[in-house]
Amino acid sequence: MSQALTIARHRLPHSAAPAWESFGDALRAEWTKMRTMPGTAWILAGICALTVAVSAGTDAATKCTIGGACAADTTRLTLTGIEVGQALVAVLAVLAITGEYSTGMIRTTFAAMPRRSVVLAAKASVLTCLVLPAAVVAVAGSLAAGWLILPGNGFTAVRGFALVSLAHGPTVRAAVGSVLYLALIGLLSLAIATMVRDSAVATGSVLGLLYVAPIASLLLAGQPVWQRRVQRYAPVNSGLTIEDTTGLRHLPIGPWGGLGVLAIWAAASLLTAALALRLRDA
Amino acid sequence: MTAGTIAPYRSPEKPAKDRFSQLMHAEWTKFRTVRGWLIAMFLAVVLIDMVGLLVVRPNVQCGGACLPNVPTGPGGEAVNDSFYFVRQPLAGNGSITVRVTSLTGQTSQTGGNFGPGQQQGGLTPGLVPWAKAGIIIAASTRQGSPYAAMMVTGSHGVRMQYDFTQDIAGLPGAVSAASPRWLRLVRSGDTITGYDSADGTRWATVGSASLAGLPGTVQWGMLATSPLTFKSNFATYAESGGSVSPTLATGVLDHVSLRGGQPGGQWTGVEVGAGGAGYSGHAVGFRQAHGQFTITGSGDIGPVIGGGSNTEYDTSTVALHLLGVLLGLVVMVVIAAMFITLEYRRGLIRTTLAASPRRGRLLAAKALVIGLVTFVFGTAAVAVAVIVGIWVSRDGGQYVLPLSPLTGLRVIAGTGAMLALASVLALSIGAVVRRSVAAVAAVVVAILMPYILGVTGVLPASASEWILRVSPAAGFAIEQSAPQYHQVIGQYAPPDYFPLPPFAGLAVLCGYVAVALGLASWLLHRRDA
């Protein structure tokens, strides 16, 4: 009798621990999981390689002949690879959560760490810590490609083109913004994948959002008011305005404003995902 | 005990025949019984049709009640038919010969479209490449009537053109007083033959046109016209939009001689298709002095292309109604990838392979089932999007270029086939990598991304053209319903136009599918399940 009472009073040390302490453990656990996932290193390497390759290829394919009209935004041109790199960022984010659902690991995870939003926060933090360095390398490589290739293709300072260099303020802004853009795309994808759970459906949804959403503005060509609203407030369209360095006055939304819209989308979907985790069975 | 005499047990049932149809039936049952997959297929159909029909831009200015009255040529294609025509009637056979000594032009620098009667400022000298002046025999002065013409052009030398879509090159080089061009058209029944010459004595046949249903009395004479010039906002960015400006061309013709027809007939000037795609009123006309004709015209005689860059109307091709295919494709690719990767995840693949150990046949059955299912659903959805879409467009005041039933069939069934091929590609890659995420991501990035980058103008035109030739996205070329004309300058960009011909594009996608299927089959034999 008294023995049973003693056992009942005995509690696991962690359950009483405050959230910030368990967050440290969750971080370590998620870091171990991500680190030991077979694809992580390959995907991170792919983000860098593919982004730089596509950017360099686009730079090489774009020539500005004398007398011809040319795309004026050299910075945006040399950051084209981000369009491809974001797909791999999304894949990494989807794998981070749906891998657990497909193997049933998620039940172990939640048994070990019952605070589900803390698990999601830890996943988001680890993902961001992995994506940021890869994005820095990818963006730096793309800028280097533009710096090396574009002047040779006719995009010279003499003809009024901004050289892709770190001395050019808007280029620095576009570069920093592109790194943040990739991180935000990762968070948005993680949130969507958490809500969807199935890996194939999550990949389809996220990539559909990334690549098909930009045509939404084409669909609305007849309704300029709605078209402008979509251009301003749809997640992907607005986020990429951070890459623009010319014609800023004609943009539907300012560069930082556009990135801010994407940040709000990412934050809102992460909150929704946390809520879904809490309400549903794993 | 005579243990050795006991025969081993054999089932009295005869062994079932290992038929391919049974394998197909098994795979179809697997597909059919997953409710989510069937629902997803219907979702794909809904997405294709919903986007395809919502895409119509209602013409807000006239509440959808002003569908442009675009003339159609003898072949049923939408055409521009506006030029200044100095003509007289010809009954029966005859021949007309002229010498062209000059072709000059003017271009509006202001951009935008000009309606009839509007006065234009800012004209600067400039001859557009396909400005035309020469001689023509036309069935009537009605727009879209059959014709054949011999013309001197801005920078493409002498041309014989007939029935709007046909173009044959004659003598090269620009025309001037020092090097004039002699042109001749000979009518004999329904056949009109064009000749050119640099000196008026040695003649060369350029081409011969057979104009079906040419009436006995036709109109013949001289013409001048000059098409809209299209300037894209950024030369390197497809679909970045641009501005069109009307232009004028003035031709000087002399040594006019007619054989046949009425002797001493009077020349009268007429603006065919007044105000269409160019200047009209005071800006155009003709002067006749001492046997020399100075004719100024504006407009074009030729096919209208999609995208509205060579006409004053907002035109599009039926590809407009196929934008929803992108979303449907994502859904179908996801299902096709899951069709194989879920077998691996759940371990069902071991049961499947135990039941039908010939792995190549199994892969073929799976590919055939998912291919047929996506083809049927895709074709049905696209048929609705195209047929209802054209009707909705007409209702909303959006002009969709007319297409022949055969082309329509090719677009509908071809787009269904493209969806099926994309699904089989996803299945094959799913069999190779055995992971849903990788399979879906690979196919979506390979097929959708190049197309989207081309349509939204993220990539420079040269790069997006290259990628639409070599990537699996080349398959989208099957959606192109209007041909590209070398004699018409305009914006040939996705979603209306693709760098590869329709079936060549589909063949590129087929090649990728074949390679992926081969790789999948090889790995399926080689690896443990």
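V437(B) counts as buried because it has 27 C-beta neighbours inside 10 Å, a residue being called buried if 20 or more other C-beta atoms lie within 10 Å of its own, exposed if 12 or fewer, and partly exposed in between, with C-beta atoms placed from the backbone. The model is a predicted one, in which local features need pLDDT of at least 70 and side-chain atom pairs count only at pLDDT 80 or more, while totals for chains, interfaces and linings use all residues. Residues are numbered from 1 along each chain as its sequence is written, and chains are lettered from A and ligands numbered from 1 in the order in which they are written.

V437(B) is found in helix α7 (residues 436-456) of chain B, where helices (H or I, at least four residues) and strands (E, at least two) are DSSP runs, numbered from the N terminus. When its neighbours within four places in sequence are left aside, V437(B) is in contact with V91(A), V94(A), L95(A), S199(A) and T203(A); two residues are in contact if their C-beta atoms, placed from the backbone, lie within 7 Å. From M338(B), V437(B) is separated by 99 residues in sequence and by 9.5 Å in space, C-alpha to C-alpha.

Chain B as a whole has nine helices and 21 strands, and 53% of its 529 residues count as buried. Among the contacts in chain B with a separation of 6 or more, 76% are accounted for by residues 24 or more positions apart.

One pair of helices in this chain is α2 (residues 35-54) and α3 (residues 325-346) of chain B, whose axes come within 7 Å and cross at roughly 170°; axes are lines fitted to C-alpha atoms, for helices over the stretch in contact, and angles run from 0 to 180 degrees between N-to-C directions. The two helices α2(B) and α3(B) are therefore roughly antiparallel to each other, given that angles under 35 degrees count as roughly parallel, over 145 as roughly antiparallel, 65 to 115 as roughly perpendicular and the rest as oblique. By class, the contact of α2(B) with α3(B) has 13 nonpolar, one polar and no charged residues, where Ala, Val, Leu, Ile, Met, Phe, Trp, Tyr, Cys and Pro count as nonpolar, Asp, Glu, Lys and Arg as charged, and the others, Gly among them, as polar. Among the residues that meet are W37(B), A40(B) and M41(B) in α2(B), and V325(B), L327(B) and G328(B) in α3(B).

Further along chain B, helix α9 (residues 502-526) has 25 residues and reaches 37 Å from its first C-alpha to its last, close to the 36 Å expected at 1.5 Å a residue, the expected span being 1.5 Å times one less than the number of residues. The buried residues of α9(B) include P502(B), L509(B), Y512(B) and S521(B), and what covers the buried residues of this helix includes α5 (359-396) and α6 (405-433) of chain B.

In chain A, helix α8 (residues 169-196) and helix α13 (residues 255-279) pack at an angle of about 20°, with their axes 8 Å apart. That angle makes α8(A) roughly parallel to α13(A), and the residues of their contact divide into 18 nonpolar, four polar and one charged. In the loop between α7 (116-149) and α8 of chain A lies L166(A), which is exposed, with 11 other C-beta atoms within 10 Å. Apart from its neighbours within four places in sequence, L166(A) is in contact with T171(A) and V172(A).
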